[in-house]
Amino acid sequence: MATNMDQSNNLVIGNGVTFKGTLNVPKKATIYGTVDGELTAEEIFIGQSGKITGKVTARSIEVEGELHQVIHCRDHLHIRASGKVSGKLEYSQIQIERGGEFRGEMQQVGAPPVYPAGSTSMVAPKPAAAVPGKEAN
């Protein structure tokens, strides 16, 4: 019996399938059905017919369907034009196509600081040295 190593440790929830509970997927979870609960995976793809409600944790997430409640995305969240995401979101990078929706609270975490063009850092200027015999205003 031949095995396909590329597909090992992956999960597919098909259209029309409903799952309630907790899932821990070592690699990629592809969702075309409905998941109600907690899903942890390295990558998550939610197809147009897919819907996840609950707590989701992944390195990267791509949404064509629906994703609701608590989302922790360590790297990149991509909301496609047909995607709908709502709830509390923590992400490092986000991309939302025209037509894609996000409603809720979002917080960027784990991203490198962004400095204005032309500056070398965001260091506060040093206060002027006090001149003996003069009071500061």
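Author: In this text two residues touch, or are in contact, when heavy atoms of theirs lie within 4.5 Å. Not counting residues up to four places away in sequence, L39 touches L23, V25, A29, I31, I44, I52, K55, V56 and T57.

Reader: Which residues touch the most other members of the largest nonpolar core?

Author: That core holds 24 residues, and L39, I44, I52, I61 and L67 are the ones that touch the most other members. At least two residues of the core come from each of β2, β3, β4 (51–63), β5 (66–79) and β6 (84–96).

Reader: What is the order of the strands in the open sheet, and what is the sense of their pairing?

Author: The sheet has seven strands in the order β1-β2-β3-β4-β5-β6-β7, and the pairing is parallel. Averaged over the sheet, and with direction ignored, neighbouring strands are turned by 20° against each other.

Reader: Why are β1 and β7 said to stand at the edges?

Author: β1 (11–13) and β7 (101–108) each have a single partner strand, so one side of each is left without a neighbour in the sheet.

Reader: How many bridges join β2 to β3, and how many join β3 to β4?

Author: β2 and β3 are joined in the parallel sense over twelve bridges, with E38 in β3 as the bridge partner of T22. For β3 and β4 the number is eleven bridges, again parallel, and here L39 stands opposite V56 in β4. V56 is also one of the residues that L39 touches.

Reader: How many bridges are there between β5 and β6, and how many join β6 to β7?

Author: β5 and β6 pair in the parallel sense over twelve bridges, one of them placing K88 in β6 as the partner of V70. β6 and β7, which also run parallel, are joined by eight bridges, and the bridge partner of Y91 is Q108 in β7.

Reader: Why is the pair of Y32 and F45 called edge-to-face?

Author: A pair of aromatic rings is described by the distance of the centres and the angle of the planes. The ring centres of Y32 and F45 are 6.2 Å apart, which lies within the 6.5 Å needed for a pair, and their planes stand at 65°, which is over 60, so the pair is edge-to-face. By this rule the count comes to one aromatic pair.

Reader: Which parts does the pair of Y32 and F45 tie together?

Author: Y32 lies in the loop between β2 (18–31) and β3 (34–46), whereas F45 lies in strand β3, so the pair ties together parts that are 13 residues apart in sequence.

Reader: What makes F45 buried or exposed, and what makes Y32 so?

Author: The relative accessible area of F45 is 14%, and because buried means under 20%, F45 is buried. Y32 has a relative accessible area of 34%, which falls between 20% and the 50% above which a residue is exposed, so Y32 is partly exposed.

Reader: Is T30 buried or exposed, and how do you know?

Author: T30, which has its place in strand β2, has a relative accessible area of 11%, and this is under 20%, so T30 is buried. Leaving out residues up to four places away in sequence, T30 touches L11, V12, I13 and F45.

Reader: What is the phi of N9, and what is the phi of Q69?

Author: N9 has a positive phi of about 70° although it is not a glycine, and Q69, likewise a residue other than glycine, has a positive phi near 100°. N9 belongs to the segment before β1, whereas Q69 is found in strand β5. The relative accessible area is 43% for N9 and 44% for Q69, and because both values lie between 20% and 50%, N9 and Q69 are each partly exposed.

Reader: What is the mean pLDDT of the protein chain, and where is the pLDDT below 50?

Author: The mean pLDDT of the chain is 86, and 76% of its residues reach 70 or more. Over residues 121–126 the pLDDT is below 50, and beyond near neighbours in sequence this stretch has three contacts in the model. Where pLDDT is low, the predicted coordinates should not be read in detail.

Methods: Residues numbered from 1 in each chain as written. Predicted model: local features only at pLDDT ≥ 70, side-chain atom pairs only at ≥ 80, totals over all residues. Heavy atoms only, no water. Phe/Tyr/Trp six-rings, centres within 6.5 Å; stacked < 30°, edge-to-face > 60°. Helix = DSSP H or I, 4+ residues; strand = E, 2+ residues; numbered from the N terminus. Buried < 20%, exposed > 50% of the residue type's maximum accessible area, 1.4 Å probe, protein only. Core = buried A, V, L, I, M, F, W, Y, C linked by side-chain atoms within 4.5 Å. Pairing = 2+ DSSP bridges. Axes fitted to C-alpha atoms, helices over the stretch in contact; angles between N-to-C directions. pLDDT = per-residue confidence, 0-100.
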